[in-house]
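Visitor: I'd like a close look at one part of this model. Pick a spot, walk me through it, and carry on to whatever else stands out.

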Amino acid sequence: MRNERIGDYLVSQGLLTEEQLQKVLAAQKESNGAKKFGDVVVELGFMTEINFTKALAGKLRVQYVDLDNTDINTDAVQKVPEALARKHTVIAIAITGKRLTVATNDPVNFIVLEDIKVSTGMDTVPVLATTSAINKAIGKCYSMQNVDSVLEGVTAMASDLGGAMDEEANDRVESAPIVKLATTIVENSFRADATDIHIEPFDKYTRIRIRVNGDLVELMNISSAVHSALTTRFKLISGMNIAEKRIPQDGRFTQVVDGTTLDVRVSSLPMVHGEKIVIRILSTGQIALRKITDLGMSDYNYQLFESMLRVPHGVILVTGPTGSGKTTTLYAALGEIAKPNVNVVTVEDPVEKAIDGINQCQVNQKAGMTFAAALRSILRQDPDIVMIGEMRDTETADIGIRAAITGHLVLSTLHTNDAASTVVRLVDMGVAPYMVATSLIGVIAQRLVKVLCPNCKRARMSTDEENELMGIPSSIQIYEPVGCPNCNNTGYRGRTAIHEIIHCTAKVSAIIAAGGGKEEIEAAAKANGTKLLRDNASELVQAGETSIDELVRSTFSV
């Protein structure tokens, strides 16, 4: 039994079919043994990485460890040098007496275990974990040691240079400590699942904060003497003019963290005590495009959305405040409808994610390449589907609506609070009501709400006031955030979206054409079965996914 091949074992356990096994073996043969069996199974989508690793642990009779939810002993980590850990994809997680517990993705590779034994002088006990979890843990655990040593180097550098930091900044900016600090800031932010990094100069110190799940969290404070060198470093790698400190600038660069290539946008703005740098970390092409099934829509909303995407021409609008995931929804929709037999063209400012097979056009205000100018040209490029990053002005909205009437499918975004007020906004922007009525397919309003951490959320009964907010008659069991090490003591892990979808049916179109207000449109949509944002948030609270605080934060209106 011990010599049974892993493929046969998975078939005997009912985890793979014989047909799937043959496909995996054929794909592995094609790669000439360059890929492991497990990698191919995960790649072909027959099993998730976690399920395969658990099955392998069962076959090899080795303990499986979920590193994301395990307290890793820092003393154990330091026993194994970082270079060795990265080379063999291993991380030491615990010490018991003279024995070192090591998480690995290949527990039968005795050479690696022997290497660690020689290097540490301790007996090694292998446990099994997924490759991605080990890489992430290596990044997190060794990076904290790095930060301390980097900051020491930077502080020493600041005291060497004394007050003459500005003049010498350009010559010394390539010196190792600053380069390391800049790299470390981006790495640690990405590992904390941050979307933005703020580097803010003050009189006595520089504060570095990161935005995680929509909230700003302090990452570290550094000496203000180092600020100029750090901003120069970021400006240098993102292609800005380092001599110009009086006007705002924009740039971008790429950086590889734990095997993932990040696309990073940088913006600088002069402040009283120096330049403030804000860095946006964009998920890259390597992180697969979200499918429309992964947007967190309820089944009901998903069916509405899917039926909208089947309409051959017209306008579909996604609305919501900044950072509510509108672009993600648009990209998911494009991924769904961009087939090889259609021409898809987008106009964006900036292009946030390069997608294969789609013609993406970047707005450039200085060169006169505005949304409106780009759109006019695009309509002469024989498009089937046009995506406009944002309808910012009357001209853009007008051209977009006209394009829809002349037989194109147009996707775009607007900044409004809910789906019904989007229609009113278009009319206010100067688009004739009859044109909006004939071209609009539907509107999706969305918000992001934080998801409660499953490990520490606490149950309680809802109060009368909360029942009223959720629109339910009697008290039910709901959950509230507490905070534990797994969620960095925030009480939340990750975010999901809530949606409000209005279909432009004949009745809604008639109201729009007659110049009806937001209330009338909303009433007609509700009669059609539209669920409002609050209804969606209320369902999530009742299901124990999110908290009342989040419901109020995302949907409260006076």
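Guide: A quick word on naming: helices (H or I, at least four residues) and strands (E, at least two) are DSSP runs, numbered from the N terminus. This is a predicted model, where local features need pLDDT of at least 70, side-chain atom pairs count only at pLDDT 80 or more, and totals for chains, interfaces and linings use all residues. Numbering starts from 1 along each chain as its sequence is written, and side-chain values use heavy atoms, leaving out hydrogens and water.

Let's start at E187, which sits in helix α10, residues 176–191. Its relative accessibility is 18%, so E187 counts as buried (under 20% relative accessible area; exposed is over 50%, partly exposed in between, with a 1.4 Å probe and protein chains only). Leaving aside residues up to four places away in sequence, E187 touches Q255 and V257, where touching means heavy atoms within 4.5 Å. A445, on the other hand, is 258 residues from E187 in sequence and 33 Å away in space, C-alpha to C-alpha.

Now the sheet. It's an open one of 3 strands, ordered β1-β2-β3, with mixed pairing (two strands pair if DSSP finds at least two bridges between them). Ignoring direction, neighbouring strands here are turned by 30 degrees against each other on average. β1 runs antiparallel to β2 (residues 99–104), with 6 bridges between them; T96, for instance, has R99 in β2 as its bridge partner. Helix α7 (residues 110–120) packs on this sheet, touching β1, β2 and β3, and its direction makes about 140 degrees with that of β3. Such angles run from 0 to 180 degrees between N-to-C directions, and axes are lines fitted to C-alpha atoms, for helices over the stretch in contact.

Over to a helix pair: the axes of α12 (residues 299–309) and α13 (residues 326–337) come within 11 Å and cross at roughly 55 degrees. α12 and α13 are therefore oblique to each other (under 35 degrees is roughly parallel, over 145 roughly antiparallel, 65 to 115 roughly perpendicular, the rest oblique). F305, E306 and L309 of α12 meet T329, A333, E336 and I337 of α13 in this contact. Those residues split into 4 nonpolar, 1 polar and 2 charged.

Note on methods: Ala, Val, Leu, Ile, Met, Phe, Trp, Tyr, Cys and Pro count as nonpolar, Asp, Glu, Lys and Arg as charged, and the others, Gly among them, as polar.
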